[in-house]
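User: Please take a close look at one part of this model. Give me one connected account, in short sentences.

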Amino acid sequence: MKGVRHIIFDLGGVLLNIDYALTRDAFVADGIADFDDLYSQLRQQSLFDLWEMGKITRQEFIGALQKASSRPISDTQVISAWNAMLLDLPVRRLQILQQLRLYHDLFLLSNTNEVHEEAFNKILMRSHGVPDLGVFFDKVYFSHRVGLRKPMKEIFSLVLDQNGLKPEETLFIDDSPQHIAGAKELGIQVIFLEKGMTIEGNIFKPKIAG
């Protein structure tokens, strides 16, 4: 953390626990047998890129997945399957954000979409009585709201430029290697949260007295 004044957090897989397999299994059960070929953490078809950048509507996204299915599926089934990957926001991670904010500027930078934004805010409200993730950050950047997505350099530049951040004083934490690479190109300090790592267990561990 030496020299770091600003921290940019990814959401899914860093703060919010997710399980892509749950969404895959749900869509396979709904008749999209090749869902893994359409979407994964490391790569995805243009449909999902457009969805995450707010370039298509909710109904266009739902309709495309309905067409990909071998049998009729309802709008509700599509939304339910799409949200199946979203699990929980552990309280310790939220406490870490509160503690870090005393000494650092905090930003949230997530490739997400309007359906997931609604869903994870509901999880936050249901679990912790907090209506919006924005209360933990100085500013939030969601891909579908700004029309850009990681690993595009432009979205990192947007965060830096709008907030007057120096790359060398900024830390970015993400669990996708391609996003880490995009940030590094701009000189941002990075931590790649590998599978099995957590911010509470591997990065922001409490100091042991004595």
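Analyst: Arg149 is buried, with 12% relative accessible area. (Buried is under 20%, exposed is over 50%, and partly exposed lies in between, using a 1.4 Å probe and protein chains only.) The model is predicted, so local features need pLDDT of at least 70 and side-chain atom pairs pLDDT 80 or more, while totals for chains, interfaces and linings use all residues. Residues are numbered from 1 along each chain as its sequence is written, and side-chain values use heavy atoms, without hydrogens or water.

Which residue pairs with Arg149 in a salt bridge? Glu52 does, with the closest N and O atoms 2.9 Å apart. Arg149 sits in the loop between α8 and α9, and Glu52 in helix α3 (residues 46-52), so the pair ties together parts 97 residues apart in sequence. Glu52 is buried too, at 4%. A salt bridge here is a side-chain nitrogen of Lys or Arg within 4 Å of a carboxyl oxygen of Asp or Glu. Helices (H or I, at least four residues) and strands (E, at least two) are DSSP runs, numbered from the N terminus.

Now take Lys150. Lys150 is buried at 0% relative accessible area. One partner is Asp10, with the closest N and O atoms 2.9 Å apart. Asp10 lies in the loop between β1 (6-9) and α1, Lys150 in the loop between α8 (143-146) and α9, and the two are 140 residues apart. Asp10 is buried as well.

Asp174 also forms a salt bridge with Lys150, the closest N and O atoms being 2.8 Å apart. This pair spans 24 residues, from the α8-α9 loop to strand β4, which holds Asp174. Asp174 counts as buried, at 0% relative accessibility. Together, Asp10, Lys150 and Asp174 form a salt-bridge network. The whole structure has 13 salt bridges.

In helix α10 (residues 177-184), the buried residues are His179, Ile180, Gly182 and Ala183. Seen down the α10 axis, these residues fall within an arc of 160 degrees, so they line one face of the helix. (The arc is taken from the directions from the helix axis to the C-beta atoms.) Their cover includes α9 (153-163), β4 (170-174) and β5 (189-192), where contact means heavy atoms within 4.5 Å.
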